[in-house]
Amino acid sequence: MNHAKPLIALGLIAFCIPVQAAQSARALLDKARERAISVPAFRRVDTTEQSATAIVGQNRVPQTPQTNVVTIEVDLTKTLARQTTTFGGQQLIMLKQGEKAAMKMGDASWQVPAGVFANLAKDLGNLFVCEKETPETKENAPVWIVTGAEVLDGDEAIVIETQGNTAVRLAQERMTEAIAKAFSGNPSARPTVKVLEYSAKHWIRKSDSCRLLAIQESKRITSVSIPGGTRKVIEQSSKATSRYSYDHVTIEIPKAAQEILSQ
């Protein structure tokens, strides 16, 4: 969950998976994670589709569905990462090399990230910040199962997913942690989130344990303070698809950005 800054149908088949498969599912995910921090470079494209309904008093107001695409490229040999997305209708490019970061919003000049962008820059390139800050434990760990094998874009992949709603508790803890991190001021002013459903599905390449695809789906209720002392409730459904590639990843640093990164 990369703040990080987000599947369903197992049904009766879940009861046909032996205990050994559940154990190997966790081992395969761990191996995929280790692999991700050892490859020279990779690209991940996150596509998040979200629908929401705002509830104020007795009124239900459906919101316009939103789709957001974020591209993250990482060159581990140079401790270099780049993120490209859209923010407020403008293209946002963020570069991070070591502990230094630079960003460019639309046609503006390159600058040092500040405010909320500083927090984004801090976690850029660390795809496992959620796992580090809120790890799986005996109490919150989902039940992971191997559900089969598929050919994905020409690669043989093992398919692993959470069983039913066993991942809800972990998703709730990570969402709460992320909100506290993003809204570090007055706790009473923070949004509150109740995760109702959450599931995850991963495709792991057989040949080298590289993660090829991940899909996360969730339903949650968010409550936000609004002027007048009332709170607006938002029902949200989202689907986040992450596609990974490992070839031809080249990150170029513009001169103006390099000057900031070199300071």
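F42 is buried, at a relative accessible area of 4% (buried is under 20%, exposed over 50% and partly exposed in between, with a 1.4 Å probe and protein chains only). The model is predicted, with local features needing pLDDT of at least 70, side-chain atom pairs counting only at pLDDT 80 or more, and totals for chains, interfaces and linings using all residues. Residues are numbered from 1 along each chain as its sequence is written, and side-chain values use heavy atoms, leaving out hydrogens and water.

There are 2 aromatic pairs in the structure (Phe, Tyr or six-membered Trp rings with centres within 6.5 Å; planes under 30 degrees apart are stacked, over 60 edge-to-face, the rest tilted).

| Pair | Centre distance | Plane angle | Class |
|---|---|---|---|
| F42 and Y246 | 6.5 Å | 50° | tilted |
| F87 and F117 | 5.1 Å | 65° | edge-to-face |

F42 lies in strand 1 (residues 41-56) and Y246 in the loop between strand 11 (230-245) and helix 5 (255-261), 204 residues apart. Helices (H or I, at least four residues) and strands (E, at least two) are DSSP runs numbered from the N terminus. F87, in strand 4 (residues 80-87), is 30 residues from F117 in helix 2 (residues 116-123). F87 is partly exposed at 40% relative accessibility, whereas F117 is buried at 14%.

D75 belongs to strand 3 (residues 66-75). Beyond its neighbours within four places in sequence, D75 contacts P40, A41, L80 and I251 (heavy atoms within 4.5 Å).
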